[in-house]
Amino acid sequence: MSTVPSSQSPEGPKGPKPRVAVVFGGRSSEHGVSVVTAASLLRAIDRTKYDVLPIGITADGRWALTADDPERMAITDRRMPSVEQVSDHEGTVVLPVDPASREVAYTEPGSVPKVLGEVDVVFPLLHGPYGEDGTLQGLLELSGVPYVGAGVLASAVGMDKEYMKRVFTSFGLPVGPYVVIRPREWEQDPSSARRKIIDFAGDHGWPLFVKPARAGSSMGISKVDDLGGLDEAIEEARRHDPKIIVESLLRGREIECGVLEFEDGPRASVPAEIPPVTAHAFYDFEAKYIDSAEGIVPAPLTEAETAEVQRLAMAAFDAASCEGLVRADFFLLDNGEFVINEINTMPGFTPISMYPRMWQESGVSYPELVDRLIQAALRRSTGLR
């Protein structure tokens, strides 16, 4: 069994190094994606500058000490890894809900809790509900521990596709047509809910995309070409989230743009383009993570188009009150207009993911990107700001 990490932070040339708790895994369907992301960050983080404490959250929600071993976090035989693969401890990591103390403890059944020392900043690499949606951010706010990325409100808005679109619309940002089916609608009168979608298709045409309203990594999304596939698509989306959103097909190019917080404020990266994936019906989970479909960085856009998508990405960052980082996803329609699809407050973060690749092309290397995000979190206080 691996030893429990020391409660003392190693000394750097100017005293104790900041301790970064890298938190990953989680209870959502994106558990494996989060583990893969954590492996990349653990390889890249500057160990001469930071002390690292890896903490994995198991699929059932237990906070576990994990091995600092990225090689055990790889995709193997097209299977995603899990926190259980890299956790050699049976106990639980506990964060204090006390702003006066940042000491993390470790408990095992039948033994006295062991203090692991203070954590200076948390790098939450969780994707989806129970981590990227404001829940973890709320816990860290209560604990008084600074953390990388968006706060409670922006995280919640960024996870809920309906309210994200409502926020964007209120700030004058262009969004595509959509309709939402809430849990009570489907549970009390599925026929009326189905008719609502059919009427939407009558207005905007087939195909439709049926999605969980609060999930990411293309989990639970179905492309529906006609009425025959609708019920199956609804059930697949509801497997991930009882609230679903249905969107019309937007014909055009898929363009992405990153936003990163610098000392003097946020800046936009060069944009990227996701070309059509011929082996898949759309840019789904397997295309993104298993088959690693290649994006084009920088996107072949005119100067005016590049400036416009960067402007819209920055506007979306501000509209949702984001902090740290965002990947904003757009469609460039056949008529030359941009429509924002969504933002990701904790986007895929491996070196081959689109967000780091866009910043690499913008002059910020992957290790520098990690460092900038940690430094931005250390400069920021918790609480109202």
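In which helix is the place of Asp-371? Asp-371 lies in helix H12, which covers residues 366-379; helices (H or I, at least four residues) and strands (E, at least two) are DSSP runs numbered from the N terminus.

## Basis of the model

This is a predicted model, in which local features need pLDDT of at least 70, side-chain atom pairs count only at pLDDT 80 or more, and totals for chains, interfaces and linings use all residues. Residues are numbered from 1 along each chain as its sequence is written, and side-chain values use heavy atoms, with hydrogens and water left out.

The protein chain has a mean pLDDT (the predictor's confidence in each residue, from 0 to 100) of 91, and 92% of its residues reach 70 or more. Over residues 287-291 the pLDDT is below 50, although this stretch has 18 contacts in the model beyond near neighbours in sequence; contact means heavy atoms within 4.5 Å. Where pLDDT is low, the predicted coordinates should not be read in detail.

## Overall form

The protein chain contains 12 helices and 18 strands. Its radius of gyration, 21 Å, is close to the 21 Å that the globule rule gives for 385 residues, so the chain is as compact as a globular protein of that length. The radius is taken over C-alpha atoms, and the rule is 2.2 Å times the number of residues to the power 0.38.

Of the 385 residues, 54% count as buried, where buried means under 20% relative accessible area, exposed over 50%, and partly exposed in between (1.4 Å probe, protein chains only).

## Strand S3 and its partners

Seven of the seven residues of strand S3 (residues 19-25) are buried, so this strand is largely enclosed by the rest of the structure. S3 pairs in the parallel sense with strand S4 (residues 51-57) over seven bridges; two strands pair if DSSP finds at least two bridges between them. Within this pairing, Val-23 stands opposite Ile-55 in S4.

S3 also pairs in the parallel sense with strand S9 (residues 121-124), over four bridges. Here Val-20 has Val-121 as its bridge partner.

Leaving out residues up to four places away in sequence, Asp-371 touches Lys-49 and Tyr-50. The side chains of Asp-371 and Lys-49 make a polar contact at 3.0 Å, that is, a pair of N or O atoms within 3.5 Å; within protein, one must be able to donate a hydrogen and the other to accept it, and residues adjacent in sequence count only if both atoms are side-chain atoms.

Ala-299 is found in the loop between helix H9 (285-290) and helix H10 (303-319). Ala-299 is buried, with a relative accessible area of 9%.
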